[in-house]
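Subject: Structure handover

Hello,

Please find the structure below, with the sequence. My notes on it follow.

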Number of protein chains: 2
Amino acid sequence: MMTTFSEENYLKSIFHLEKAFPSGVGTNVLAEEMETKASSVTDMLKKLSDKNLVEYKKYQGVKLSASGKVSAIEVVRKHRLWELFLVEKLNFGWDEVHDIAEQLEHIKSKKLTYELDKFLGFPTTDPHGDPIPDSEGRFKISKRTLLAEMNRDETCICIGVRDSSAEFLQYLDRNGLGLGTEIKIIDKESFDQSIYVQIEGNEKYISSKIANNLYVKRKNE
Amino acid sequence: MMTTFSEENYLKSIFHLEKAFPSGVGTNVLAEEMETKASSVTDMLKKLSDKNLVEYKKYQGVKLSASGKVSAIEVVRKHRLWELFLVEKLNFGWDEVHDIAEQLEHIKSKKLTYELDKFLGFPTTDPHGDPIPDSEGRFKISKRTLLAEMNRDETCICIGVRDSSAEFLQYLDRNGLGLGTEIKIIDKESFDQSIYVQIEGNEKYISSKIANNLYVKRKNE
DNA sequence: ATAAATGTTTAGATTTGCCTAAAAAATTAT
DNA sequence: ATAATTTTTTAGGCAAATCTAAACATTTAT
């Protein structure tokens with residue numbers, strides 16, 4: 001059965017929110033994420049439930065069904081492949097690709113998705129460090145450490161962002177931070193959780209807010 | 001103002017039909033092209049007229065306004081760029097790209113269109129030999145000769161198709177015909193307008209129907 | 001345990017794009 | 001010139017996706 005753009009967007013949002021709400025995603029939370037009203041969400045959940053894409057009982061929150069999860073992952077796969085395409089092949093910055101990928105993720109063509117994947121060399125991560133599901137929907141959920149969790153004198157490498165808003169990404173660009181950047185923790189200020197780091201020779205101050213939105217891996221791990 | 005997918009499709013159809021109906025495209029003709037009903041067309045024409053995208057007077061047929069033409073050409077540009085992308089970069093056959101390009105042509109991003117154009121080397125023709133408008137909407141309207149108009153002993157080169165249905169394109173594939181193929185007219189049968197041709201050394205019979213859907217240019221012209 | 005607050009659903013409208021059936025205008029044929 | 005035919009428009013409805021306002025459930029606090 002054919003899914004509409006709107007249905008796909010709901011499935012994708014439920015997919016993302018299920019990580020934080022494994023027992024069921026609430027109507028208000030979903031409304032917030034979808035930038036719509038709770039009543040609209042209820043309407044749509046009935047529709048998705050009728051199509052067996054979600055498990056929904058009144059007042060109980062919603063979960064993806066098996067087939068709903070397949071659809072959601074397919075959309076996420078397309079979104080991330082297109083983001084990578086835009087960055088790798090069309091000179092886009094990582095802060096510019098989200099809105100366009102939101103459109104491209106709804107293009108329906110199995111062959112297109114497969115050929116795009118092949119064209120990009122069957123990549124496993126997108127420009128923000130998020131995993132790209134393969135054609136079977138499989139992907140790595142690597143345990144990611146926040147920069148904020150690192151200790152003094154440790155060295156790590158930036159592998160992803162938790163917040164992928166253009167504002168945050170542009171902040172990172174301005175401060176020489178990107179995927180693969182090596183960061184050495186010089187000192188941590190316990191009062192406000194800010195940290196001093198060394199990035200490519202330069203010492204930088206990083207606020208707690210930033211450190212809590214950057215994923216890193218320990219060097220030599 | 002933002003155009004919807006449906007509006008864009010109407011504009012594109014009107015654009016194409018204006019060649020055959022320069023004095024105004026009729027409601028029924030447009031309904032046929034759009035695979036919808038005449039009453040739906042009337043509804044949409046009112047909407048497009050309110051947005052000043054078409055010039056429409058009841059019972060008089062419709063024409064694109066200046067801004068409607070800009071929008072229509074933009075959609076055609078995107079359609080043809082995406083078709084070329086699919087063929088050149090993603091291993092699609094020329095018979096497989098239409099439906100996907102129908103989806104991709106509605107993606108809204110000036111930068112994407114420009115970067116795609118650049119990525120493809122600012123091409124001027126799509127996989128079916130149709131001109132690709134540049135970023136200013138300019139394109140060549142080359143006078144194209146039909147194979148059926150060629151005479152005995154003349155040699156020509158296939159430069160486009162009038163019918164770009166998958167069925168016709170697959171027929172051409174099966175018979176070794178593609179853009180750039182050299183065709184020498186051996187003989188013409190006046191009774192049914194069929195022709196005998198030589199294609200890469202092999203003699204082939206070509207029906208009037210085929211010959212009337214293949215654009216060629218005379219060799220050395 | 002009951003009241004207050006929060007979260008969720010229902011009821012009724014709206015907009016977009018489409019439909020059928022019927023009316024009106026334009027064209028064609030006699 | 002008028003009748004028949006074709007084309008186009010209008011009127012009224014429907015489904016998708018949204019909204020506001022009001023009702024209903026559930027949870028939290030006293």
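This is a predicted model: local features need pLDDT of at least 70, side-chain atom pairs count only at pLDDT 80 or more; totals for chains, interfaces and linings use all residues.

DNA strand C

There are 20 residues around DNA strand C, and those that come nearest are A:Gly26, A:Asn28, A:Ser39, B:Thr4 and B:Ser39. Two or more residues of this surface come from each of H2 and H3 of chain A and from each of helix H1 (5-20) and H3 of chain B. H3(B) gives the largest share, 5 residues.

DNA strand D

DNA strand D is likewise surrounded by 20 residues, the closest being A:Thr4, A:Ser39, B:Gly26, B:Asn28 and B:Ser39. Here the elements that give two or more residues are H1 and H3 of chain A, along with helix H2 (27-34) and helix H3 (38-50) of chain B. The largest share, 5 residues, is from H3(A). By class, the surface near DNA strand D divides into 4 nonpolar, 11 polar and 5 charged residues.

The two protein chains

How are chain A and chain B placed relative to each other? A rotation of 180° with 0.0 Å of shift along its axis superposes chain A on chain B, with an RMSD of 0.0 Å. The two copies are therefore related as by a two-fold rotation axis. In chain A, the C-alpha of A:Leu104 is the one nearest the axis, at 3.8 Å.

Where the chains touch, 13 residues of chain A are in contact with 13 residues of chain B. On the chain A side, helix H5 (98-104) and helix H6 (110-119) each supply at least two residues. The largest share of that side, 4 residues, belongs to H6(A). Its residues divide into 7 nonpolar, 3 polar and 3 charged. Of the interface residues of chain A, 100% are also interface residues in chain B, so the copies meet through the same surface.

Chain A as a whole

Chain A has 8 helices and 8 strands. Its C-alpha trace spans about 55 × 40 × 30 Å along the principal axes. Of its 221 residues, 34% count as buried. Among the contacts in chain A between residues at least 6 apart in sequence, 57% join residues at least 24 apart.

Helix H1

Helix H1 (residues 5-20) of chain A has 16 residues and reaches 24 Å from its first C-alpha to its last, close to the 22 Å expected at 1.5 Å a residue. Its buried residues are A:Glu7, A:Asn9, A:Tyr10, A:Leu11, A:Lys12, A:Ser13, A:Ile14 and A:Leu17. Among the elements that cover the buried residues of H1(A) are helix H2 (27-34), helix H3 (38-50), strand E1 (54-56), strand E2 (62-64) and helix H4 (66-89) of chain A.

The sheet

In chain A, 6 strands form an open sheet with antiparallel pairing, in the order E3-E8-E4-E5-E6-E7. Which strands lie at its edges? Strand E3 (145-146) and strand E7 (202-206) of chain A do, as each pairs on one side only. E3(A) pairs with strand E8 (residues 214-218) of chain A in the antiparallel sense, over 2 bridges. Opposite A:Leu146 stands A:Tyr215 in E8(A).

Regards

Terms used
Residues are numbered from 1 along each chain as its sequence is written. Chains are lettered from A and ligands numbered from 1 in the order in which they are written. Two residues are in contact if their C-beta atoms, placed from the backbone, lie within 7 Å. Ala, Val, Leu, Ile, Met, Phe, Trp, Tyr, Cys and Pro count as nonpolar, Asp, Glu, Lys and Arg as charged, and the others, Gly among them, as polar. Two strands pair if DSSP finds at least two bridges between them. Copies are superposed by least squares on the C-alpha atoms of residues with pLDDT of at least 70 in both. A residue is buried if 20 or more other C-beta atoms lie within 10 Å of its own, exposed if 12 or fewer, and partly exposed in between; C-beta atoms are placed from the backbone. The expected span of a helix is 1.5 Å times one less than its number of residues. A residue is near a molecule or strand if its C-beta atom, placed from the backbone, lies within 6 Å of it.
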